[in-house]
Amino acid sequence: MRSDPAEYELVAPESLAAVVSILAEKPGEWLPIAGGTDVMVQYAAGKLPARRLVSLWNLPELRRIDVSQTEVSVGAGCTYTDLREHQTVQREFPLLATAARWTGGVANQNRGTLGGNIVNASPAADSLPALLVYEADLILISFRGERRIKYVDFHTGYKQTLLSADELIRAICLPRRFAEYIAYSRKVGARNAQAISKVCIAGLGRIGGGVIEDIHIAAGSVAPTPVRLRETERFLQGRPIDIALVHQARRIAAAEILPIDDIRSTSTYRSAVLGNLVAEFLQTLSAHERGKDVLARWNGLSADEAAREILDCCGSAAWAQEITARRPLKNEPSLLAASDEIWNSLPMQDWLEAFSKHPRIGERKAPPAASSKSAEWSAQEQKHAELAENSVQTALAKGNAEYESKFGRVFIVCATGKTAAEILAILQLRMQKEEQTELREAAEEQRKITNLRLEKWLGQ
Ligand SMILES: Cc1cc2nc3c(=O)[nH]c(=O)nc-3n(C[C@H](O)[C@H](O)[C@H](O)COP(=O)(O)OP(=O)(O)OC[C@H]3O[C@@H](n4cnc5c(N)ncnc54)[C@H](O)[C@@H]3O)c2cc1C
């Protein structure tokens with residue numbers, strides 16, 4: 001059924017105060033619309049419940065991110081792009097920055113807001129498990145004033161929330177006490193972006209004295225609302241990670257959720273995948289512990305030795321020197337944060353130097369500039385791509401040549417976990433970009449590759 005635009009009224013007040021006063025006049029009559037990425041889907045399907053829409057888009061009061069000593073307050077109208085690009089969010093709330101990267105495509109990330117994701121209340125929403133593990137609070141505002149509630153209490157059932165008809169979310173408050181925690185997240189879907197999750201998970205953990213000192217795990221698409229896995233957390237608290245523990249945690253996690261069968265997946269599949277993801281999170285935590293020893297040794301090397309050892313993770317000599325100069329780096333999160341910051345600030349020639357160390361996608365032969373370690377990592381990263389059918393391999397070879405002739409450099413994509421067909425589709429899309437946009441895309445892909453290599457290096 002198509003909706004008739006003439007049946008709708010849209011107002012766009014210039015202040016938050018004006019919006020709340022409209023909502024207070026006739027509670028329930030007006031529907032707030034922020035980026036519209038959920039509302040417009042409902043509209044197009046002829047299922048939009050309200051005829052009167054009040055716009056929150058770009059209201060300055062909702063678009064700010066305030067950083068105080070104890071918390072980061074994210075305006076509900078901040079977009080995924082705002083979140084991805086904010087330095088403190090990237091550094092201290094990487095699960096939220098990652099969820100923002102997963103949410104739809106770039107256009108969606110420029111429009112979709114965190115407040116919209118929360119109020120839309122889909123159990124599959126990508127940012128909500130992250131808000132649960134960071135123990136976010138919400139500030140709700142209405143004409144009557146403000147109230148602060150725990151986000152964990154917000155969803156009361158499938159698509160049910162604590163929000164009153166005259167209320168808005170003004171801000172999402174994230175306590176700044178998790179910067180030292182190890183963060184883990186995974187989205188299992190047909191793809192990471194542009195696909196609804198079959199299961200998504202966010203985890204935060206801290207290990208001390210060989211045992212799990214604190215652990216938070218939350219998941220989406222496994223119950224009517226996003227959920228914290230409290231039983232699994234209680235079981236894990238205070239224990240050392242070993243194979244038996246991982247095995248039991250997998251079982252407890254799978255038993256404490258209430259997944260459903262739907263068009264995207266079955267409940268059995270969801271339970272099994274969630275158990276596997278919890279196991280992978282614990283293995284990651286354990287690897288981070290091992291990584292601390294690698295970092296402690298590296299911190300003690302001479303500057304030349306340290307830069308030489310870490311160079312292959314990125315390929316740029318300037319990056320290697322700068323990250324070496326940041327020592328001592330005490331754990332993986334601080335290493336990755338330093339790496340991101342340095343990489344994003346490097347000039348183009350250093351990016352190009354890193355790119356030049358990669359073989360062409362689909363080709364085994366490493367370029368002369370690559371070290372044997374770099375060549376070995378490239379082979380691992382491209383292992384799925386090598387299984388391509390002949391026709392895809394031929395198309396990739398042709399695409400590589402066209403890319404190099406247009407941009408004058410090798411095509412860079414974070415190939416880990418991607419099939420050759422997926423890589424080909426990305427290559428064809430990126431061929432259409434103009435030079436500067438494409439350079440930034442390539443740099444972002446290199447940033448991901450570097451992070452994965454740093455993780456491998458720490459786990460060695
Ligand atoms: C192509 C596409 C891909 C997508 N991919 C993903 C994905 O991968 N992962 C994912 O999680 N989501 C995805 N989404 C869903 C959507 O983009 C997100 O849920 C987004 O965060 C919604 O934000 P919005 O500002 O567009 O919300 P809107 O559509 O404007 O509003 C959604 C709901 O929230 C209410 N609302 C908005 N802001 C407030 C506020 N401050 N206070 C009170 N109520 C408010 C509105 O009244 C409405 O009920 C996708 C959507 C599209 C169209």
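A residue is called buried here when its relative accessible area is under 20%, exposed when it is over 50%, and partly exposed in between, with a 1.4 Å probe and protein chains only. Lys187 is buried by this criterion, at a relative accessible area of 5%. The model is predicted, so local features need pLDDT of at least 70 and side-chain atom pairs count only at pLDDT 80 or more, while totals for chains, interfaces and linings use all residues. Residues are numbered from 1 along each chain as its sequence is written, and side-chain values use heavy atoms, leaving out hydrogens and water.

Lys187 has a charged partner. Its side chain meets that of Asp126 in a salt bridge of 2.8 Å, N to O. Lys187 belongs to strand E11 (residues 182-188) and Asp126 to the loop between helix H7 (114-120) and helix H8 (128-133), so the contact ties together parts that are 61 residues apart in sequence. Asp126 is also buried, with a relative accessible area of 12%. The term salt bridge stands for a side-chain nitrogen of Lys or Arg within 4 Å of a carboxyl oxygen of Asp or Glu. Helices (H or I, at least four residues) and strands (E, at least two) are DSSP runs, numbered from the N terminus.

The structure holds 30 salt bridges. One of them joins the side chains of Arg52 and Glu9 at 2.9 Å, N to O. Because Arg52 lies in strand E3 (residues 52-55) and Glu9 in strand E1 (residues 9-11), this pair ties together parts that are 43 residues apart in sequence. Arg52 is partly exposed, at 23% relative accessible area, and Glu9 is partly exposed at 33%. Within helix H19 (residues 435-459), Glu444 and Arg447 are 3 residues apart, or about one helical turn. They form a salt bridge whose closest N and O atoms are 2.9 Å apart; Arg447 is buried, with a relative accessible area of 6%. Elsewhere, Glu135, Arg177, Arg228 and Glu233 are linked in a network of salt bridges.

Strand E6 (residues 137-142) is next. It is largely enclosed by the rest of the structure, because 6 of its 6 residues are buried. Asp137, Ile139 and Ile141 lie on one side, Leu138, Leu140 and Ser142 on the other, and both faces are covered. Strands of a sheet pair through backbone hydrogen bonds, either parallel or antiparallel. Here two strands count as paired if DSSP finds at least two bridges between them. E6 runs antiparallel to strand E7 (residues 145-150), joined by 6 bridges, and a hairpin connects E6 to E7 through 2 residues. Ile139 stands opposite Arg148 in E7. E6 also pairs with strand E10 (residues 168-175), in the antiparallel sense over 5 bridges, with Ile141 opposite Leu168.

E11, the strand of Lys187, belongs to an open sheet of 4 strands with antiparallel pairing, in the order E11-E12-E13-E14. E11 and strand E14 (227-228) are the edge strands, each pairing on one side only. Strand E12 (residues 199-208) and strand E13 (residues 211-220) share 9 bridges in the antiparallel sense, and Ile212 in E13 is the bridge partner of Ile207. Helix H5 (residues 94-102) packs on the sheet, touching E11 and E12, and its direction makes about 20 degrees with that of E11. Contact means heavy atoms within 4.5 Å. Axes are lines fitted to C-alpha atoms, for helices over the stretch in contact, and angles run from 0 to 180 degrees between N-to-C directions. Helix H11 (residues 267-299) lies across E11, E12 and E13, running at about 30 degrees to E12.
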